[in-house]
Amino acid sequence: NQYGAHMIGRPPPEIIGRTVQDLFPGLEADQYSENDRRALESGQTVEFEETCARPDGKHIFHSSKFPLRDPEGHIYGLAALCTDITDTRRIEDQLRHQELLMREAGDLARVGGWEYDPATGLGHWTPECARIHEMDNVTTMSMQEGLLLFHGEHRERFQKAMEEGVDQGTPFDLELEMITGKGRRKWVRIICHPILDQGKVVCMRGAVQDITERKQADELLRRQ
C-alpha cells in the first residue's frame, strides 16, 4: 500500500513486480529473505525486527509476517504488516543512556537511588544504595524489611514520612541513624519525591546518601 511504499522509500510502480534483491542492498535483502523463509516454513505469523537504510538514516521496523493460503489451505504467498518503530527505539536508547549516566553519577557521588511501589509493597534500589546499606545481594525488599534497619525514633520518623508520602503525596528529607546489614551504625540522608498519577501516589522515588563522616565531624566539633 501507499504507507508500505513510503516506508521503503520508492513509489509503488518501482516496487510492484520486483524481487527483494531488486529493491534492497545485499545484506538487507538477505535479512528479509531469511525472515520470509522462516515465516513460510512455520506456517503461522512470525514477528521480526528489521532494518532498512533510508536517506535520513537507518530505520527499524516491527514486522509481522504470515503465509497466505488458498481455500484448500495451501500456501501460495506471504503477507507482512510493518510498523516503523525508529522513534520509539531512539527514545528507549536515550532513556537507557540517561539512566546509565545517572547511575554513574550516583556511584561517583556515593548516592544511591531507590523507589517504592505502594501497590505491591515492594521497594527496589540501585547497587550503590545496596552498598550503603551493606546488603549487596539484596535488590528488592518490603517497606517493613526496610524499616527493620532503623530503630527507635529513627524508625518512627521514617515510617511516618513514608506513610504520609503514600497517603498524602508529601515529600521528605530526613537524616537518620541506621544499622546496616553487617551490623554497623551509619547515618544516612534519605530524600523522597512521591510520583502522582491523577492525584494518586503510584510510586515513591528518592535517594540515599551516607553522611556518617559528616555526622562524626559535626560531633567532634561540638565536643571541642
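**Close-up views of a predicted model**

View 1. The largest pocket has a volume of about 800 Å³. This is a predicted model, in which local features need pLDDT of at least 70 and side-chain atom pairs count only at pLDDT 80 or more, while totals for chains, interfaces and linings use all residues. Residues are numbered from 1 along each chain as its sequence is written, and side-chain values use heavy atoms, with hydrogens and water left out. A pocket here is an open set of points on a 1 Å grid over the protein atoms alone, where a 1.4 Å probe fits, with protein on both sides within 12 Å along at least five of seven lines; lining residues have an atom within 4 Å of a point. The volume is the space filled by probe spheres set on the points. Look for Gly4, Ile8, Phe24, Ala80 and Cys82, which lie nearest the centre among the 26 lining residues. The lining divides into 18 nonpolar, 4 polar (Gly counts here) and 4 charged residues (Asp, Glu, Lys and Arg). Elements that each supply at least two lining residues include helix H1 (2–8), helix H3 (26–42) and strand S3 (75–84); helices (at least four residues) and strands (at least two) are DSSP runs.

**View 2. A cluster of phenylalanine rings.** Ring pairs link Phe150, Phe158 and Phe172 into a cluster. Rings pair if their centres lie within 6.5 Å, with planes under 30 degrees apart counted as stacked, over 60 as edge-to-face and the rest as tilted. Phe150 is buried at 1% relative accessibility, where buried means under 20% relative accessible area with a 1.4 Å probe, protein chains only. Phe158 and Phe172 are buried too.

**View 3. A lysine over a tryptophan ring.** The charged end of Lys215 sits over the ring of Trp187, 4.5 Å from its centre. For Lys, this requires NZ within 6 Å of the ring centre and within 35 degrees of the ring normal.

**View 4. Strand S9 and its partners.** Strand S8 (residues 185–197) and S9 pair in the antiparallel sense over 10 bridges; pairing takes at least two DSSP bridges. Here Ile191 stands opposite Ala207. The two strands form a hairpin with 2 residues between them, and Gln198 in the turn has a positive phi of about 55°. Strand S4 (residues 111–117) also pairs with strand S9 (residues 200–210), antiparallel over 6 bridges, and Trp114 stands opposite Gly206.

Technical notes. Buried means under 20% relative accessible area, exposed over 50%, partly exposed in between (1.4 Å probe, protein chains only). Rings of Phe, Tyr and Trp (its six-membered ring) pair if their centres lie within 6.5 Å; planes under 30 degrees apart count as stacked, over 60 as edge-to-face and the rest as tilted.
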